[in-house]
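Please work through the exercises below with the sequence and coordinates at hand. Each task is followed by its solution in steps.

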Amino acid sequence: MALDAETFSLVKDAVARFVRERLIPAEDIVEETNDVPEDIIQEMRELGLFGLSIPEEYGGLGVNMVQECEIIHELCKASVAFRSVIGTTVGIGSQGLVMTGTEEQKQQYLPRLASGEIISSFCLTEPEAGSDAASLRTVAIKDGNDYVLNGTKRFITNALRAGMLTVMARSDPNKKGAAGISAFLVDPATPGVTITQADEKMGQRGTKTSDVIFEDVRIPASALMGGEEGQGFYTAMKVLDRGRLHLSSVSTGMSERILNEALAYAAERKQFGTIIGEFQLVQALLADSQAELFAGTAMTLDAARKYDKDEDISMQAACCKMFTTEAAGKIADRAVQIHGGAGYMAEYKVERFYRDVRLLRLYEGTTQIQQLVIARNMLKNHAN
């Protein structure tokens, strides 16, 4: 699954132009209103961005992982809120369905997701189950030809915008850990589903996260993803490998934008009669950032190429997520430092981006979880 080189080049150029001409000029509106304008979301639909990773036979563009990484990198040179609108549909919200859904489920949802008619959300995290996803408490108990869902999900991106929820729930309460978890496709309009108001966050204004509460929500057995119980956790882990490469490209795209802001400031701002970019200590901050950006981009594309060859990239995906998100934090910090006192002021966008990148090291597996994944894979490979 991949776009031919010529078509991909046209899509990537269109996204780059969209970022320059529409998204960057709208960043202040997003910051002020804490929302992405509907006309911009409509343009995203028209560009086909919601269907990036959905196969062509279901109405999507059908890009491969390398192409997805390149486009997401371009998109994230603008405020991350814009990417967030499509992010769950392109990534973790749809890919479980693509990988393991029944044909009937794919036909029901994928064309509408690809067109942007509906948006998907991925409901895994809970108040007491974040990094330890296998300990989740939401249950889906079989009752005749239905399942009854009860539980609470937390920090669910795009739940307020969603027309489809991929919900991880324990279908067999007698099985502890991962084995008893199944995935369900749930319409948020189903009676008993409550989506709370958007969370107030440190940064990333315009992105929407909420709690999703399930109270005796009755869903048909046909909502069981893939038609098989006990596969939910394993599906989630496969989806997260892909999602971590996606987020690595979010990080490198944001890092490039932040570094460009710092470079432009260093090339114009004068102190002691000379531009500060001539000062060697400022040059060191720029050089370290450029090296980390280059390394993060290269390792992400290398892992994406391996993913496209169906290689097991769990360790590489964790390396990419850990390195690129930590690098984004350091690059943003250096950018503020290069701006001096001005970098602490809301007038300059590095202040905003500094807050925005902090979340990257937390969601879809904290840095510490990535370290565990990497080390465990190293030990397993050594034993073999």
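The exercises move from the whole chain to single residues.

The model is predicted, so local features need pLDDT of at least 70, side-chain atom pairs count only at pLDDT 80 or more, and totals for chains, interfaces and linings use all residues. Residues are numbered from 1 along each chain as its sequence is written, and side-chain values use heavy atoms, with hydrogens and water left out.

**Exercise 1. Overall fold**

Determine how many helices and strands the protein chain has, and compare its radius of gyration with the globule rule.

Step 1. Helices (H or I, at least four residues) and strands (E, at least two) are DSSP runs, numbered from the N terminus. The protein chain has 12 helices and nine strands.

Step 2. The radius of gyration, taken over C-alpha atoms, is set against 2.2 Å times the number of residues to the power 0.38. For 384 residues the rule gives 21 Å, and the protein chain has a radius of gyration of 21 Å, so it is as compact as a globular protein of that length.

Step 3. With contact meaning heavy atoms within 4.5 Å, residues 24 or more positions apart account for 74% of the contacts with a separation of 6 or more.

**Exercise 2. An aromatic pair**

Classify the ring geometry of Phe233 and Tyr234, and state the burial of each residue.

Step 1. Rings of Phe, Tyr and Trp (its six-membered ring) pair if their centres lie within 6.5 Å; planes under 30 degrees apart are stacked, over 60 edge-to-face, and the rest tilted. Four aromatic pairs are found in the whole structure.

Step 2. The ring centres of Phe233 and Tyr234 lie 6.1 Å apart with planes at 85 degrees, so this pair is edge-to-face.

Step 3. Buried means under 20% relative accessible area, exposed over 50%, and partly exposed in between (1.4 Å probe, protein chains only). Phe233, at 16%, is therefore buried, whereas Tyr234, at 42%, is partly exposed.

**Exercise 3. Positive phi**

Locate Phe155 and Glu364, and say whether each is buried, partly exposed or exposed.

Step 1. Most residues other than glycine have a negative phi.

Step 2. Phe155 has a positive phi, near 55 degrees, and is found in strand 3 (residues 146-157). Its relative accessible area is 55%, so Phe155 is exposed.

Step 3. Glu364 also has a positive phi, of about 55 degrees. Glu364 lies in the loop between helix 11 (349-356) and helix 12 (367-383), and its relative accessibility of 21% makes Glu364 partly exposed.
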